[in-house]
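Subject: Structure handover

Hello,

Please find the structure below, followed by notes on what was found in it.

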Protein chains: 2
Amino acid sequence: MREVAIIGIGQTKVEENWEKSLREIAGDAALAALMDSGLAKTDAVYVGNMMSGSANHQQHLGAYIADWIGMRYAEAVHFEAACSSGAAAFRAAVMAVASGELESVLAVGVEKMTDSPGSEITAELATAADADWEAGQGLSFVALNALIMRRYMHEYGWKKEDFAPFAVNAHSNAMHNPFARFHEPTTVEEYMKASMVADPINLMDASAIGDGAAACVVIPLENIQKVAHRPVIIVAASTAATDTIAIDHRKEPLWLKAANKSGKEAYSQAGITPAEIDFFELHDAFSIMAVLSLEANGFAEKGKGPRLAHDGEILLNGKIPIATRGGLKARGHPVGATGMYQIVEAVQQLRGEAGGSQVINATYGMTQNIGGSGSNIITHIFQRK
Amino acid sequence: MREVAIIGIGQTKVEENWEKSLREIAGDAALAALMDSGLAKTDAVYVGNMMSGSANHQQHLGAYIADWIGMRYAEAVHFEAACSSGAAAFRAAVMAVASGELESVLAVGVEKMTDSPGSEITAELATAADADWEAGQGLSFVALNALIMRRYMHEYGWKKEDFAPFAVNAHSNAMHNPFARFHEPTTVEEYMKASMVADPINLMDASAIGDGAAACVVIPLENIQKVAHRPVIIVAASTAATDTIAIDHRKEPLWLKAANKSGKEAYSQAGITPAEIDFFELHDAFSIMAVLSLEANGFAEKGKGPRLAHDGEILLNGKIPIATRGGLKARGHPVGATGMYQIVEAVQQLRGEAGGSQVINATYGMTQNIGGSGSNIITHIFQRK
């Protein structure tokens, strides 16, 4: 297997973007990544997206986007793994280049959610859950997470305010990210006063949907001299694992077993321990998911995730900085694009291009994209060479 | 790159299957392929599907199916490339195994279309076309193909009856395939009397949708001694290419340029010429597509495709047998599964398991799956070792 490097990144601001179509948003990120890479085109375009078939009446995003960005005749395909669609496209790009089959791949994550009524988007998000055993019973995606959070609070004795530091950290970091949806800080007081969505999840526990796209260009490391004009960022590990799609089929609903498996395999592939990870772009779709991710990946013991936040260890200068560019909470969560945003942000950190939310001297960064309620996990570790 | 072999296949009958859910149909094909392979599980499950998000209110088919077939915790993801979704999943499986990242992949194509009203399915199929420039103007997918067929007849002087041999051949071969939707022969007279769908495409030019799933297990050839209990079938070539998604953006709407590119690359990868291909499972979603595929892949000159059929060269004992198990026309076209059915059928032929529609002494078989109106092409060549 050939080693794989990222040589270009691009992204659009997460927002309600009524001025641009799906392909324009995807194209803006894709062309920015190509420009950044120095390549005019790549052998293939891999697109991560969850819901364009229903939300935008457009499937077939591979050919759709390849054509739009002037890469007609390139190989192109669309990957869907609910909220982990972005990382799924990236992982496939890594394997295609590692295999020797392709010399370069442009991976794009995109989602355009604000053209549809909120009720439709809520129904479409619920297609990430089990249609028969969850969505069909009337459970929305936020309701599923509310059940998990309530159980977690009951099981381990945490109170609502113990989750506030996740929102405070995310919003604080997003202020330095021009591509983030929100640029306003928040406080514990504001967190506690936020409107309830599905008790105990309030607006400040929940990530904001939005329109956005992010993109990366990958090539074999052995070709890096020919093109790179930036610090070289290696894909040190790429792993994936699934769990049951319905939460009630799990023995331990508060333990992200697939995340644990994928994380362990990633550490082993990269040959490092969690202590060597300098920052962690985790999947904070809801603050409870941030907690469970920290625990599953070896940064906190079971039931102790909120302690890490309380002690300031998730801040930029803490033991394990998270959501360094705002995370899903404050950068925003255009679902099929999110995994790619995480990767783009990790590259920014490792290149030293993260401005006011830079993690100092970062060598290893980890991203973990979660589809469904912990049912699809894709983990990457990146290394600055 | 490691060479890749297919060691297991499975499929369900294409039909209106109201008794089984999406996951049951996919599971039946997947478990049959595993059983055939002798493996209890694989490292990953790759699922090809086009429209489950809208037609079945279920996305996230990777985790959904992995869980259902007892492969919880395996890697799993869903691929979409309109009608070429099945082959897209298979190609990714080949690359994942070739790269050395995975030791085995189960690739499954599935579509469940008959639970939804026909008008909805027609709208969902149109999401394979361009939402802004085609579907948004009221063009259904069959209407697009009707425009192409009408233009072809005008340009090259063929008459309606010249397309009859494609339906006659497909139905004749399907009679020997227990998994085919139709088991009735047809004639030129019946073809000419069939109801018009979108002039000049009538019911006998158009493939039938349906519910169905097909699956394959791939492993590295180097591991074949450990498991294989069947003739060894190698993936001799795997290529993909795209074209514009909207047909009117092409200089030559009657020339499948991406198919030509993908086909040429496949011949070169396999180190053979079209003359060495013993049968061709092409994408006869409409009879005009069969014609254009034969021309784009070097089996007939431009404008001469119907001649090949007229001369009997597409029959089982002809120069280039097509639709040997019924093709999309008579086996049926559950869109996201079709590409996988083609591959399963090619393996049957190369193993000598095609019964009454066996191509004698076949060494090389080619499959070509088309997404949209020639906008996504995935070609494979298989070889009996």
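How many cavities of 30 Å³ or more does a search of the whole structure find? The search finds 6. A cavity here is a set of points, on a 1 Å grid over the protein atoms alone, where a 1.4 Å probe fits but cannot get out. Volumes are the space filled by probe spheres set on the points, with grid points joined across faces, edges and corners.

Before the details, some conventions. This is a predicted model, in which local features need pLDDT of at least 70 and side-chain atom pairs count only at pLDDT 80 or more, while totals for chains, interfaces and linings use all residues. Residues are numbered from 1 along each chain as its sequence is written, chains are lettered from A and ligands numbered from 1 in the order in which they are written, and side-chain values use heavy atoms, with hydrogens and water left out.

Cavities

The largest cavity has a volume of about 190 Å³. Its lining consists of 24 residues (lining residues have an atom within 4 Å of a point), and Y46(A), F79(A), A92(A), F79(B) and A92(B) lie nearest its centre. Both chains supply elements that give two or more residues to this lining: β3 (75-80) and α4 (85-98) of chain A, and β3 (75-80) and α4 (85-98) of chain B. Helices (H or I, at least four residues) and strands (E, at least two) are DSSP runs, numbered from the N terminus. By class, the lining of the largest cavity has 20 nonpolar, no polar and 4 charged residues. In this scheme Ala, Val, Leu, Ile, Met, Phe, Trp, Tyr, Cys and Pro are nonpolar, Asp, Glu, Lys and Arg are charged, and the others, Gly among them, are polar.

The second largest cavity has a volume of about 70 Å³. It is lined by 14 residues, with F166(B), A167(B), A170(B), D284(B) and K329(B) closest to its centre. The largest share of this lining, 4 residues, comes from α7(B).

Contact between the chains

The area buried between chain A and chain B (accessible area, 1.4 Å probe, lost on putting the two together, summed over both) is about 4800 Å², and carbon and sulfur atoms give 51% of it. There are 8 salt bridges between chain A and chain B (a side-chain nitrogen of Lys or Arg within 4 Å of a carboxyl oxygen of Asp or Glu). One salt bridge joins the side chains of R23(A) and D130(B), at 2.7 Å from N to O.

Pockets

A pocket is an open set of points with protein on both sides within 12 Å along at least five of seven lines. The largest pocket has a volume of about 640 Å³. Of its 32 lining residues, L125(B), A206(B), S207(B), A208(B) and I209(B) are closest to its centre. The lining of the largest pocket divides into 18 nonpolar, 9 polar and 5 charged residues.

The second largest pocket has a volume of about 410 Å³. Of the 20 residues lining it, L125(A), A206(A), S207(A), I209(A) and F286(A) are closest to its centre. The largest share of the lining of the second largest pocket, 4 residues, comes from α5(A). By class, the lining of the second largest pocket has 15 nonpolar, 5 polar and no charged residues.

Regards
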